[in-house]
Amino acid sequence: MQLAVWTYEGPPHVGAMRVATAMEKLHYVLHAPQGDTYADLLFTMIERRSKRPPVTYTTFEARDLGKDTAQIFQDAAREAVARFNPQAIIVGASCTAELIQDDPAGLSEAMGLPCPVIPLELPSYQRKENWGAAETFYQIVRQLADKSVVRAPREGRPARANILGPTALGFRHRDDLVEIRKILALLDVEINLVAPLGATPEDIARIGAADFNIVLYPEIADEAARWLEKTFDQPAVRTIPIGVGATRSFIADVAELAGADPTPALGDTSSRMPWWSRSVNSTYLTSKRVFIFGDATHAVAAARIAREELGFEVCGLGCYSREFAREVRAEAARCGIEALITDDHLAVEDAIAAAAPELVLGTQMERHIAKRFGIPCAVISAPVHVQDFPARHSPQMGFEGANVIFDTWVHPLVMGLEEHLLTMFREDFEFSDEAGASHHAAHSPRKAQVDSVSEASVADIPAPVLTDEPGNLWTAEAERELKKIPFFVRGKARRNTENFAAADGRRQIDLETLYDAKAHYAR
């Protein structure tokens, strides 16, 4: 077992909470002790939901372990059904309650409750949050879908689609859904239902009436979509419309299944990113080194946008979702790098330090890592904190999502003109490297350190001491000369010089080595 202060995913019952909280008239009865009752914190404080999540805990205590905890669960289930009158309930155990093996599924089945009961088997010590959400949604669809539903003939009616995947506590799911609805309206595609977000158990019963499914978030909906394809012969669109290129591909795929004309949707000119990418203003971002980490859906999409639409160099790519490692490795190969598949934030921190990127795109954890390293950062994936559930409309998908992505990624980077001004005035106390950029106000600027000027003659100043100690690779003179290089390319100059010195067998980088490296790379 590894002790950690951060985890990218919670246990699987948190994934079940996300599905239950996203739906309407569904209740989650969770067998859990005191201490596991944190649903209110997750959804009302972090996601800023206006109502409490539909979760009832048995909340047994240590003194109850010598009694009949099974009875405690049954009492809680009866009270929840009587109080909330749900159309269906899901039942399961938290990671702690799993150890006492009370079997909520069997207990609820024997109770004869007046609504459908969906048991969840979520192995807390083998699986994690996204898998728990996917398994929960799959079980809900499998048990509530009416298999007798027959789709109406296509003649004389618009195509119908199910939108699958949006949940509570998802990264911009609410706003993404607005953009997808706009696209489908332009293609004259009717929405049969959206699930889990906003759906009721009765809605799920008619899920088979759609002509095809749209899988927005594979981590949540792919398993259910495969079952629907097998059971109802519903094909699925799996193109994730994050970025301009992917949005166009998504429109083409939906139009093909719907038998619709894609021209109205493709003619959307609301995205300004393509114009900007072709303009001279974009040249200052060309080849910026970016490190990307998150869930598979957003990490792969971010790598593609960075590489194809913004001209960045992807120097690192990874995800914490081992179930989707294949897709991430394939995208990493297209970037010419090796993927990082891990749920250890310390390994991610080490990889960022080794890659020395100029921009980090990641989760809330990468935000903290980048802040410690002094690297600009933008959040692109869950897990996130409250600031990444903005009150404003801020999607990731569709053409408007591409605008949001452009703003979010570019704003942490200092603008090209500002970089030159900061370099010109770097001796000014406001613009020194130590002061930091004016718009990076996460913490107070550090006090600028001004080197004292020696009064001694040049002959009396001792030569730099060359040692083999780690971290003493650069002489003071070389470091001062390096600082004359504009800081937006200084990292690259440092790396090139160190690579040159290592290849040439030099143990110390002095002024001569710095100039030799400059001449070498200028050839």
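## Exercises on helices and a sheet

H6 passes H9 in a right-handed crossing (the near helix is turned clockwise from the far one by less than a right angle). Helices here are DSSP runs of H or I with at least four residues, strands are runs of E with at least two, and both are numbered from the N terminus. This is a predicted model, in which local features need pLDDT of at least 70 and side-chain atom pairs count only at pLDDT 80 or more, while totals for chains, interfaces and linings use all residues. Residues are numbered from 1 along each chain as its sequence is written, and side-chain values use heavy atoms, leaving out hydrogens and water.

**Exercise 1.** Work out how H6 and H9 are oriented to each other.

*Solution.* Start by finding helix H6 at residues 173–186 and helix H9 at residues 244–258. Next, take the angle between their axes, about 45°, and the distance between the axes, 11 Å. Axes are lines fitted to C-alpha atoms, for helices over the stretch in contact, and angles run from 0 to 180 degrees between N-to-C directions. Angles under 35 degrees count as roughly parallel, over 145 as roughly antiparallel, 65 to 115 as roughly perpendicular and the rest as oblique. H6 and H9 are therefore oblique to each other.

**Exercise 2.** Find the residues through which H6 and H9 meet.

*Solution.* Look for contacts, meaning heavy atoms within 4.5 Å. On the H6 side you will find Ile-180, Ile-183 and Leu-184, and they meet Thr-247, Phe-250, Ile-251 and Val-254 in H9. Sorted by class, this contact has six nonpolar residues, one polar and no charged ones. Ala, Val, Leu, Ile, Met, Phe, Trp, Tyr, Cys and Pro count as nonpolar, Asp, Glu, Lys and Arg as charged, and the others, Gly among them, as polar.

**Exercise 3.** Decide whether His-173 is buried or exposed.

*Solution.* His-173 is found in helix H6. Buried means under 20% relative accessible area, exposed over 50%, and partly exposed in between (1.4 Å probe, protein chains only). His-173 has 5% relative accessibility, so it counts as buried. Leaving aside residues up to four places away in sequence, His-173 touches Arg-18, Gly-165, Pro-166, Thr-167 and Tyr-217.

**Exercise 4.** Trace the open sheet of four strands.

*Solution.* Follow the order E2-E1-E3-E4, with parallel pairing; two strands pair if DSSP finds at least two bridges between them. Strand E2 (55–57) and strand E4 (117–119) are the edges, each pairing on one side only. Then check E3 (residues 88–93), which pairs with E4 over three bridges. Finally, locate Val-91, whose bridge partner in E4 is Pro-119.
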